[in-house]
Amino acid sequence: MADTVASANAEGSPCIREAVCINTKKIFDSCKDKDCVDDLRVYPTVTSQAYIENALSIRPRSAELLYINVNVEPISFNRGYYTVDCTYFYRVTGETFPAQQQCSGLAVFDKRVMLFGSEGNVKTYSSDTSNIYTNANDLPAAVVNSVDPICLHCRLVDSECLIPTDMEQRTIPAFIASAFPEALIMTDTARRWFATIGQFSIIRLERDTQLLIPAYDYCIPDKECPGVSSDEDPCMLFTKIRFPVEEFFPPDSVCECDSYRTLASSNGK
């Protein structure tokens, strides 16, 4: 269980100590989706395709979300609004009938939403060498939260029963293809696998911004790290020493007449 984090002054009183300015991500717009994607083409592995060719039907077993590719573009005719294009990559697992052979394949789902992300024209740089960044277009960041989908239905269809269409040529990232034990068949086949998938998602647009928030005190863990000691063990003495909070957090102000330790100690009272 995660340790609880408490504020030293806020526990007994709701008094706000001060107002502080922080840099954080502000959510400007968000939406939740409950998508039922019907008849999504599944691109099976080589072995799975051999099972499919000799099966009468296929039943759903599971679906796993492998990755979501997210892209943000501004909408020229509507200031402050952006399109968020999401490409979901799934690993779908099914079982053929009557042989009961397990099949797996890749399914890809494209989704586009429009959200408000405000405007900005700043270029951001950092003195931190581990985090030097710039954003010339100052686009908002799109974040997608999703859970593994539900595979609702699977079916097999002979190619002659389908309306002829141009085969969509997709570029599959290498790390997605490597999630399967063998190569995927992305070309037309005599028998094709389709799946119906239910997907829950939350999509939001956020930007770096400065906010003024109330501060109660520093966040101090209220749980001691457990350890083993005895009366003869020198560590027993160490466990009785107060945790030096002031050494981990800088003071809010510095007085020239006092040392750092004296000042920190007086602020903690």
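Student: Is Asp 33 buried or exposed?
Tutor: The model is predicted, and the answer comes from the relative accessible area computed on it. Burial is assigned under 20%. Asp 33 has a relative accessible area of 19%, and therefore counts as buried.

Student: With which residue does Asp 33 form a salt bridge?
Tutor: The general idea is that side chains of opposite charge can pair when their charged atoms come close. Here, Asp 33 forms a salt bridge with Lys 111, and the closest N and O atoms are 3.0 Å apart. The two partners belong to distant parts of the chain: Asp 33 is in strand S2 (residues 18-44) and Lys 111 is in strand S5, 78 residues apart. Lys 111 is likewise assigned as buried, at 13% relative accessibility.

Student: Which residues are linked in a network with this pair?
Tutor: The network of salt bridges links Asp 33, Asp 35 and Lys 111.

Student: How many salt bridges does the count give?
Tutor: The count comes to 13 salt bridges. Asp 39 lies in strand S2 and Arg 155 in strand S7 (residues 150-158), so that the pair links distant parts of the chain, 116 residues apart. Asp 39 is partly exposed, with a relative accessible area of 31%. Arg 155 is partly exposed as well, with a relative accessible area of 31%.

Student: Which residue forms a salt bridge with Arg 59?
Tutor: The partner of Arg 59 is Glu 95, with the closest N and O atoms 3.7 Å apart. Arg 59 is located in strand S3 and Glu 95 in strand S4, 36 residues apart. Arg 59 counts as partly exposed at 36% relative accessibility, whereas Glu 95 counts as buried at 15%.

Student: How should I read the pairing of S4 with other strands?
Tutor: A general point first: in a regular strand the side chains alternate between the two faces of the sheet. As for the pairing here, strand S3 (residues 57-74) and S4 are antiparallel over 16 bridges. Within that pairing, Ile 58 has Thr 96 in S4 as its bridge partner. S4 is also joined to strand S5 (residues 102-116) by 15 bridges, again in the antiparallel sense. There, Tyr 82 has Leu 115 in S5 as its bridge partner.

Student: Which residues in these hairpins take a positive phi?
Tutor: S3 and S4 form a hairpin with 6 residues between them, and Gly 80 in the turn has a positive phi of about 85°. In the hairpin of S4 and S5, with 4 residues between the strands, Gln 100 takes a positive phi near 55°.

Student: Which residues make the nonpolar surface patch?
Tutor: Val 147, Ile 150, Leu 152 and Phe 200 make a patch of about 360 Å². Phe 200 lies in strand S8 (residues 191-215), and counts as partly exposed at 40% relative accessibility. The protein chain exposes about 17700 Å², of which carbon and sulfur atoms supply 54%.

Student: Where does pLDDT stay under 50?
Tutor: pLDDT expresses the predictor's confidence in each residue. The mean for the protein chain is 80, and 71% of its residues reach 70 or more. Among the elements, S4 has the highest mean pLDDT (96) and helix H5 (residues 260-268) the lowest (40). Over residues 1-10 pLDDT stays under 50, and the model has 20 contacts beyond four places in sequence for them. Over residues 258-269 pLDDT also stays under 50, with 12 such contacts in the model.

Note on methods:
Residues are numbered from 1 along each chain as its sequence is written. Side-chain values use heavy atoms; hydrogens and water are left out. Accessible areas come from the Shrake-Rupley method with a 1.4 Å probe; for residues, only the protein chains shown count as cover. Patches are made of residues with over 30% relative accessible area and no salt bridge: like charges are joined within 9 Å, nonpolar side chains (Val, Leu, Ile, Met, Phe, Trp, Tyr) within 5 Å. A salt bridge is a side-chain nitrogen of Lys or Arg within 4 Å of a carboxyl oxygen of Asp or Glu. Helices (H or I, at least four residues) and strands (E, at least two) are DSSP runs, numbered from the N terminus. Buried means under 20% relative accessible area, exposed over 50%, partly exposed in between (1.4 Å probe, protein chains only). Two strands pair if DSSP finds at least two bridges between them. pLDDT is the predictor's confidence in each residue, from 0 to 100. Contact means heavy atoms within 4.5 Å.
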